[in-house]
Amino acid sequence: MLSTNVLNGLNRQIEMEGDSSQVYLAMASWAEVQGFEGISTFMYKQSDEERMHMLKLIKYVNQRGGAAKVSATKEPKLDVSNYKTLFKQLLEHEIKVSESINNLVGITLDERDFATHNFLQWYVAEQIEEEANARTILDKINLIGDDKGGLYLFDNEMKNFVSTVPVQ
């Protein structure tokens, strides 16, 4: 049985993951319109992944006797002036998601809900990977600078981006 505090926290996280899916979806759409096939492919995949994170939370809440809330998603407010700015926002967003997960982990410890604490460890590890990936991508973008050839290669590489974060 989930306490009210844990249930409320999980439902907030469900909303956060849904909003994250929308952020990536908006980024994917922008990149596609701009002709960045690789970036859009990457962003569409990430949007699907965030939706799966939301579904995993929904199933957990329902299996533990709670009632998962599926709320409306917020329209992402993004600066789409260029691809570099887009990826900076991506990192900032992932940091925000990490903070939300960490707050939720804290609630589970306060409530002595060790089952949910254990369940959330997957999300903690996932966020480490998401932040590291965003930083790696930004490092590559900084290496490119204003080189159009480098941008072409970067975009092409993003189609098949594979995390370089070691599996724990």
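Visitor: Before we start, what am I looking at?
Guide: This is a predicted model, in which local features need pLDDT of at least 70 and side-chain atom pairs count only at pLDDT 80 or more, while totals for chains, interfaces and linings use all residues. Residues are numbered from 1 along each chain as its sequence is written, and side-chain values use heavy atoms, with hydrogens and water left out.

Visitor: How many helices and strands does the protein chain have?
Guide: The protein chain has five helices and zero strands, where helices (H or I, at least four residues) and strands (E, at least two) are DSSP runs, numbered from the N terminus.

Visitor: At what angle do helix 1 and helix 4 pack?
Guide: Helix 1 (residues 4-34) and helix 4 (residues 114-144) pack at about 25 degrees, with their axes 13 Å apart; axes are lines fitted to C-alpha atoms, for helices over the stretch in contact, and angles run from 0 to 180 degrees between N-to-C directions. Helix 1 and helix 4 are therefore roughly parallel (angles under 35 degrees count as roughly parallel, over 145 as roughly antiparallel, 65 to 115 as roughly perpendicular and the rest as oblique).

Visitor: Which residues make that contact?
Guide: Val 6, Leu 10, Glu 17 and Tyr 24 of helix 1 meet Thr 116, Leu 120, Tyr 123 and Glu 130 of helix 4, where contact means heavy atoms within 4.5 Å.

Visitor: What about helix 3 and helix 4, how do their axes cross?
Guide: The axes of helix 3 (residues 83-110) and helix 4 come within 9 Å and cross at roughly 160 degrees, and the two helices are therefore roughly antiparallel to each other.

Visitor: And helix 1 with helix 3, at what angle do they pack?
Guide: Helix 1 and helix 3 pack at about 170 degrees, with their axes 10 Å apart, and that makes helix 1 roughly antiparallel to helix 3.

Visitor: Last topic: what follows helix 2?
Guide: Helix 2 is followed by Gly 65, whose phi is positive, near 90 degrees.
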